[in-house]
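I opened my notebook to look up a few spots in this structure. Here is what I wrote down as I went.

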Amino acid sequence: MASRKTSHQNRDNGDKYSILLPTYNERENLPLIVWLLVKYLGESGFNYEIIVIDDGSPDGTLEVAEQLQKIYGEDKILLRPRAKKLGLGTAYIHGMKHATGNFIFIMDADLSHHPKFIPEFIEKQKGGDYDLVSGTRYRGDGGVYGWDLRRKLISRGANFLAQVLLRPGASDLTGSFRLYKKKVLESLVERCVSKGYVFQMEMIVRARQLNYTIGEVPISFVDRVYGESKLGGNEIVSYAKGLLTLFATT
């Protein structure tokens, strides 16, 4: 009975959550992540929409998304595809133009971010009226699963360097599972110039500059279930360059 009452309260408070899912070659993962999102958001009674931004995936991701839209309805699954890969920042801008929620979740579509944490993000945000809530792998019960020692060392090292140079006031700079007030995300994206893996880091640094409040929720990060990781040597070099640029300009 208590959970049913909470569910009605969640629906009636006027808040709506837009989940942005940028995709590229995620045909195996997309049905699972969408099912989990519908499950956890639906059970909690939150008003939501899922916006799929596919960047011309050659594996048929968009066709899978179209089938999911037929299953769950056009009011819950919005398709906003683009012709080719144009970058994460522009994907968020594209998605936000079509978002009708006053809060926006960003997360990966490859199942490395489990939707079961979403109610915790929302509870944290409401408890402190935070401008953004970031998932952290490096505090509390947070952790990383499925990575080899090299990946863990790279991630830890990248995060440590960023902490030392930038002092951002958040424990996980490179993570991409976050909840933003829509107006805050719009403001940050306008100011960010980085691309690739540095983009998420710059978002936190800019948030600190603008005195936005940041909450954190410990999450378990699981390496992608299907498909290949997109982290390579070029991304590591780009990260280092971007980190030094941020250090010099912020």
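First, a term I need: two strands pair if DSSP finds at least two bridges between them. I also note that this is a predicted model.

**Entry 1: strand S5**

I looked for the bridge partner of Ser134 in S7, and I found Arg178. Then I checked the strands as a whole. S5 and strand S7, residues 178-181, are joined by three bridges. These two strands run antiparallel.

Next I turned to strand S8, residues 214-218. Five bridges link S8 to S5, and here the strands run parallel.

Is S5 enclosed or open? I went through residues 132-136, and five of the five are buried, so S5 is largely enclosed by the rest of the structure. I sorted the residues by face. Leu132, Ser134 and Thr136 lie on one side, and Val133 and Gly135 lie on the other. Both faces are covered.

**Entry 2: Asp110**

I moved on to Asp110. I found this residue in the loop between strand S4 (103-106) and helix H5 (118-128).

Buried or exposed? Asp110 has 10% relative accessibility. Buried means under 20%, so Asp110 counts as buried.

What does its side chain touch? I noted a polar contact between the side chains of Asp110 and Ser112, at 2.6 Å. I also checked Ile33. Asp110 and Ile33 are 77 residues apart in sequence, yet their C-alpha atoms are 7.4 Å apart in space.

**Entry 3: helices H7 and H8**

I compared helix H7 (residues 182-191) with helix H8 (residues 198-209). Their axes come within 10 Å and cross at roughly 115°. That makes H7 roughly perpendicular to H8. I recorded the crossing as right-handed.

Which residues meet here? From H7 I listed Leu185, Leu188, Val189 and Arg191. From H8 I listed Phe199, Glu202, Met203, Arg206 and Ala207.

**Entry 4: Val193**

I ended on the loop between H7 and H8, where Val193 sits. Is Val193 buried or exposed? Its relative accessibility is 66%. Exposed means over 50%, so Val193 counts as exposed.

Val193 and Gly89 are 104 residues apart along the chain, and their C-alpha atoms are separated by 8.7 Å.

**Looking back**

Asp110 is buried, whereas Val193 is exposed.

Conventions: Residues numbered from 1 in each chain as written. Predicted model: local features only at pLDDT ≥ 70, side-chain atom pairs only at ≥ 80, totals over all residues. Heavy atoms only, no water. Helix = DSSP H or I, 4+ residues; strand = E, 2+ residues; numbered from the N terminus. Buried < 20%, exposed > 50% of the residue type's maximum accessible area, 1.4 Å probe, protein only. Polar contact = N/O pair within 3.5 Å; in protein donor to acceptor, adjacent residues only side chain to side chain. Axes fitted to C-alpha atoms, helices over the stretch in contact; angles between N-to-C directions. Parallel < 35°, antiparallel > 145°, perpendicular 65-115°, else oblique. Left-handed = near helix turned anticlockwise from the far one by under 90°. Contact = heavy atoms within 4.5 Å.
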